[in-house]
Amino acid sequence: MAHPESVKFSVQIRQELSNTKYACSSLKALSGGNANWIFKGLLTRPLEDGTEEVAIKHGEGYLASSSGFELPTARCRIEEECLKAVEKMSLPEGSSHVVRTPKLYDFSADSNTQIQEYLPHGIDFKSYALKHFAAAPDASRRPLCLEIGQSLGSWLRQFHIWVSQAEQAGLHDIIKSNKAMQDLKHMVNYTRLLATVDSFPSILQDAREVFVEVEKLAASELERDDLQVIHGDFWTGNVLLSNEPLKQGAKKTIFIIDWEVCVLGVRPLDLGQMIAELYELSLYKNMDEGKWVVEGFASGYGGIDDDFAFRTAIHVGTHLVVWGSSVPDWGSPEQVERVVATGKELIVRAWHKDRGCFLLYVILALGCVNNGLSTVSPIIVSSNTSLAIGGVPTLVDIRIGFWGICFGPPPYTCASSVSVIPTRSAADLMRLIPASKGGSNTQLLRIALTLQASLIVLSGIVLLIILTFSLLANAIEIYFNVGGIGEEHVRASVWARAFDWAAAAGSILAFSTYRSLIDSTETLLKTTTGAAINISGGTVASGMFAAIVGTTAAGAIFNTFMTAGDAGRYAYQAAKAIEISPSNLRELEVGGGGGFDKFKEDMRRRKAAYETFP
């Protein structure tokens with residue numbers, strides 16, 4: 001819907017351009033701008049390059065959508081400088097689509113009016129998703145969504161690298177002056193984060209202290225000397241593409257627009273805002289395409305360190321809590337609450353740097369957050385079609401780890417569900433897992449918790465205890481061996497070998513139990529429910545388990561041979577000592593220095609060793 005003042009500014013702009021090469025025969029107000037007035041202008045005469053249509057953007061000292069909200073017009077000059085500079089940036093190689101900024105033809109500082117390149121049949125990506133992805137999920141669209149995400153991610157990475165180079169120091173100084181928009185961005189995100197607690201006290205009250213610390217962190221970042229230039233408003237609404245269905249091999253031109261909020265900040269804010277908006281497509285509209293684009297976006301942006309990842313997760317959660325709860329007419333009150341709960345969980349986990357969703361602890365395989373780690377979890381429960389479990393149609397896709405439970409498809413929503421043994425109930429998980437991923441299906445959550453409890457008790461704890469005792473016994477044996485305490489070494493060897501074989505047998509038993517648990521549960525569920533449900537062991541987790549079995553068995557065999565060798569050596573030495581003649585004993589005695597007594601003591605110890613291994 002066009003802004004109320006569109007007619008007034010349309011007349012004003014046409015008059016301003018009437019004596020320029022950008023004179024327009026008509027202006028059509030476009031929707032989508034909250035801060036400015038946007039028009040499509042039909043030029044009276046085509047430009048030298050044949051251009052017949054342009055986009056015209058006009059700004060005032062207040063929000064277009066709310067005249068009472070003052071906004072400095074200096075933002076328009078910032079956008080002008082950004083568009084002129086970023087146009088010179090080299091585009092990333094190998095992208096499936098051409099991602100770039102629109103050309104800036106002209107800018108009037110007096111009227112704050114820009115003439116930009118117009119994208120024919122252009123539509124913002126948020127509107128595009130609602131229009132083209134609204135039908136039932138279609139797996140054939142996944143590769144196409146991955147390509148869109150990868151193209152956006154690789155462009156953003158290229159921009160972040162390019163703008164930090166010394167050659168762009170001038171642009172950096174210009175953006176540094178955009179302090180008003182920097183403060184505004186902080187206010188509408190992190191100041192509002194605290195205010196939102198009072199709107200959802202039953203969900204957010206227990207996270208208030210973390211939110212306070214998060215706001216302090218975000219405020220302190222503004223004082224850092226190493227801040228980088230960021231887009232500042234990188235979300236689906238500022239990505240334009242042609243309003244046509246995605247097709248394999250069809251290369252789209254994608255515009256990155258709206259540079260008024262380009263400020264100095266931390267790069268995770270750009271990633272977090274985009275990821276959150278794409279995630280909302282899944283949370284509210286149950287669109288798998290949003291998650292597929294996220295997957296491609298993360299892949300395209302490339303590797304990041306832990307601190308970057310946690311900071312990104314904090315901003316994703318903040319955006320879900322603050323903006324995800326205020327999207328008009330997007331979902332039911334229950335959906336809004338679930339979005340807020342999801343955002344809170346992300347913030348709290350990331351603040352505490354809880355790696356429970358994406359790390360391995362030696363033996364204990366955890367849940368995972370992306371497709372690349374989907375085979376890590378010890379148990380994977382899935383179905384090829386939607387199943388009526390507990391009376392609720394659900395496409396089952398669960399990753400069950402020793403520490404957490406993740407619901408797919410990727411990127412998964414993970415919930416830490418255990419300490420040493422499972423402590424959460426299905427109701428607890430229901431508050432953490434979105435309905436679109438099975439969070440509303442109590443029966444499915446109970447199945448997951450039961451399988452996790454069985455996994456921990458039947459294989460995990462048993463194996464961990466046996467391995468601990470085996471390592472302890474071997475450590476004691478090594479201590480006596482290094483200390484040269486032969487007799488104690490022999491006795492320790494006996495116990496160590498016993499635990500070695502117990503560990504080998506225990507690991508085989510645990511692995512067998514693990515595999516049996518998977519097979520028997522799958523058979524039981526298929527028999528009792530008639531559902532085509534698949535339960536399997538993750539490739540990595542199964543491989544780790546098998547490696548433990550092989551290592552403990554090989555270790556037991558190797559150590560037994562080594563101990564047998566030691567026994568033979570001790571026995572041989574003891575026998576040789578007993579065979580020494582009386583004349584030799586007299587020679588030892590004549591030698592003085594307690595030689596004979598020392599020899600007798602040594603012989604006694606060797607004889608004891610010989611008797612230990614007859």
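**View 1. Helices H2 and H5, side by side in a predicted model.** Here Ile 78, Glu 81, Cys 82 and Ala 85 of H2 touch Leu 171, Ile 174 and Ile 175 of H5. Sorted by class, that contact comes out as six nonpolar residues, one charged and no polar. The model shown in this view is a predicted one. The axes of H2 and H5 (residues 169–176) get within 10 Å of each other and cross at roughly 160°. Anything over 145 degrees counts as roughly antiparallel, and therefore H2 and H5 get that label. As for handedness, H2 passes H5 in a left-handed crossing.

**View 2. The five-stranded sheet, strand by strand.** Strands E1, E2, E3, E8 and E7 make an open sheet, in the order E1-E2-E3-E8-E7, with antiparallel pairing. At the edges sit E1 (24–30) and E7 (104–108), each pairing on one side only. On average, neighbouring strands in this sheet are turned by 25° against each other, ignoring direction. Zoom in on E2 (residues 37–43) and E3 (residues 53–58), and you'll find six bridges joining this antiparallel pair.

View 3. Helix H1 (residues 6–17) lies across E1, E2, E3, E7 and E8 (113–117). Relative to E1, H1 runs at about 150°. Helix H2 (residues 74–86), the one from the opening view, lies across E3, E7 and E8. Its angle is given against E7, and H2 runs at about 155° to that strand. So which strands do we find under both helices? E3, E7 and E8 are on the list for H1, and E3, E7 and E8 are on the list for H2.

**View 4. H4 against H10.** Helix H4 (residues 142–163) packs on helix H10 (residues 288–301) at an angle of about 40°, and their axes are 6 Å apart. Those two helices are therefore oblique to each other. H4 passes H10 in a right-handed crossing. On the H4 side, the contact residues include Cys 145, Leu 146, Gly 149, Leu 152, Gly 153, Leu 156 and His 160. On the H10 side, they include Trp 292, Val 293, Gly 296, Phe 297, Gly 300 and Tyr 301. The class count for the contact of H4 with H10 is eight nonpolar, eight polar and four charged residues.

**View 5. The four-stranded sheet with mixed pairing.** This open sheet has its four strands in the order E6-E12-E11-E9, and the pairing is mixed. E6 (98–100) and E9 (122–124) are the edge strands; each has a single partner strand, so one side of each has no neighbour in the sheet. Neighbouring strands are turned by 25° against each other on average, direction ignored. Where does the parallel pairing come in? E6 and E12 (residues 253–256) run parallel, joined by three bridges. E11 and E12 run antiparallel and are joined by two bridges. E9 and E11 (residues 239–242) are antiparallel as well, with three bridges between them.

View 6. Arg 100 stands opposite Phe 255 in E12. Leu 240 also stands opposite Phe 255. Further along the sheet, Gly 122 has Ser 242 in E11 as its bridge partner.

**View 7. Around Gly 272.** Gly 272 lies in helix H9 (residues 268–285). Is Gly 272 buried or exposed? Its relative accessibility is 0%, so Gly 272 counts as buried. Leaving out residues up to four places away in sequence, Gly 272 touches Thr 312, His 315 and Val 316. Ile 314 is 42 residues away along the chain, yet its C-alpha atom and that of Gly 272 are separated by 7.8 Å.

**View 8. H8 crossing H12.** Helix H8 (residues 208–221) and helix H12 (residues 333–351) pack at an angle of about 70°, with 10 Å between their axes. That makes H8 roughly perpendicular to H12, and the crossing is left-handed. H8 brings Val 210, Phe 211, Glu 213, Val 214 and Leu 217 to the contact, while H12 brings Lys 344, Ile 347, Val 348 and Trp 351. By class, that's seven nonpolar residues, two charged and no polar.

Methods: Residues are numbered from 1 along each chain as its sequence is written. This is a predicted model: local features need pLDDT of at least 70, side-chain atom pairs count only at pLDDT 80 or more; totals for chains, interfaces and linings use all residues. Side-chain values use heavy atoms; hydrogens and water are left out. Two strands pair if DSSP finds at least two bridges between them. Axes are lines fitted to C-alpha atoms, for helices over the stretch in contact, and angles run from 0 to 180 degrees between N-to-C directions. Contact means heavy atoms within 4.5 Å. Angles under 35 degrees count as roughly parallel, over 145 as roughly antiparallel, 65 to 115 as roughly perpendicular and the rest as oblique. A crossing is left-handed if the near helix is turned anticlockwise from the far one by less than a right angle, and right-handed if clockwise. Ala, Val, Leu, Ile, Met, Phe, Trp, Tyr, Cys and Pro count as nonpolar, Asp, Glu, Lys and Arg as charged, and the others, Gly among them, as polar. Buried means under 20% relative accessible area, exposed over 50%, partly exposed in between (1.4 Å probe, protein chains only).
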